[in-house]
Amino acid sequence: QVQLLESGGGLVQAGGSLGLSCAASGRTFSRPVMVWFRQGPGKEREFVTGITWNGGNTAYADSVKGRFSISREYAKNTVYLQMNSLKPEDTAVYYCALGSRLTSTYRTYDYWGQGTQVTVSS
């Protein structure tokens with residue numbers, strides 16, 4: 001019904017930049033919120049950022065404010081995560097998710113991508 005496909009993960013040096021993409025397919029019209037979560041080694045899954053599809057309202061975790069930017073492209077049903085000034089602490093598997101409300105609680109989201117690894121070296 002709904003599938004999310006992430007891409008763009010990789011290895012980058014601290015201070016560098018990396019862009020992630022999440023393409024959505026299927027019946028996504030009732031799930032107007034797309035978000036990014038991440039889970040680092042030995043850490044809990046945490047909210048990174050999210051955006052409402054129609055209004056473009058955004059939310060960011062304090063740890064990434066001023067460094068990360070989320071955007072969406074209507075024509076491709078795709079959400080992007082631009083990550084700048086990356087730190088080793090940003091190393092994690094990054095997941096995109098789709099839901100009805102923009103919250104930082106992962107249990108509220110209905111659909112998830114497979115995750116993409118981001119590794120930031122010092």
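Leaving aside neighbours within four places in sequence, which residues is Met 34 in contact with? Hi everyone, let's start there. With contact meaning heavy atoms within 4.5 Å, Met 34 touches Leu 4, Cys 22, Ala 24, Gly 50, Ile 51, Trp 53, Ile 70, Val 79, Ala 97 and Leu 98.

A quick word on the model. It is a predicted one, where local features need pLDDT of at least 70 and side-chain atom pairs count only at pLDDT 80 or more, while totals for chains, interfaces and linings use all residues. Residues are numbered from 1 along each chain as its sequence is written, and side-chain values use heavy atoms, with hydrogens and water left out.

Now the cores. A nonpolar core here is a set of buried Ala, Val, Leu, Ile, Met, Phe, Trp, Tyr and Cys residues joined through side-chain atoms within 4.5 Å; buried is under 20% relative accessible area, exposed over 50%, partly exposed in between, with a 1.4 Å probe and protein chains only. The largest core has 26 residues, and Met 34 is among those with the most contacts inside it, along with Leu 20, Trp 36, Phe 68, Met 83 and Tyr 94. Strands E1 (2-7), E3 (18-26), E4, E5, E7, E8, E9 and E11 (116-121) each supply at least two of its residues. Strands are DSSP runs of at least two residues, numbered from the N terminus. Apart from that core lies another, of six residues, including Val 33, Val 35, Phe 47 and Tyr 109.

On to the rings. Rings of Phe, Tyr and Trp (its six-membered ring) pair if their centres lie within 6.5 Å; planes under 30 degrees apart are stacked, over 60 edge-to-face, and the rest tilted. The structure has six such pairs. Take Phe 37 and Tyr 109: their centres are 5.7 Å apart and their planes at 70°, so this pair is edge-to-face. Phe 37 sits in strand E4 (33-39) and Tyr 109 in the loop between E9 (92-99) and E10 (111-112), 72 residues apart. Phe 37 is buried at 0% relative accessibility, and Tyr 109 is buried at 5%.

Trp 53 and Tyr 74, by contrast, are stacked, with 5.2 Å between centres and 20° between planes. Trp 53 is buried at 17%, whereas Tyr 74 is partly exposed at 42%.

Finally, Phe 37, Phe 47, Tyr 95, Tyr 109 and Trp 112 form one aromatic cluster. The charged end of Arg 45 sits over the ring of Tyr 95, 4.2 Å from its centre; that term needs NZ of Lys or CZ of Arg within 6 Å of the ring centre and within 35 degrees of the ring normal. Arg 45 also lies over the face of Trp 112, at 4.9 Å from the ring centre. Thanks, everyone!

Note on methods: Helices (H or I, at least four residues) and strands (E, at least two) are DSSP runs, numbered from the N terminus.
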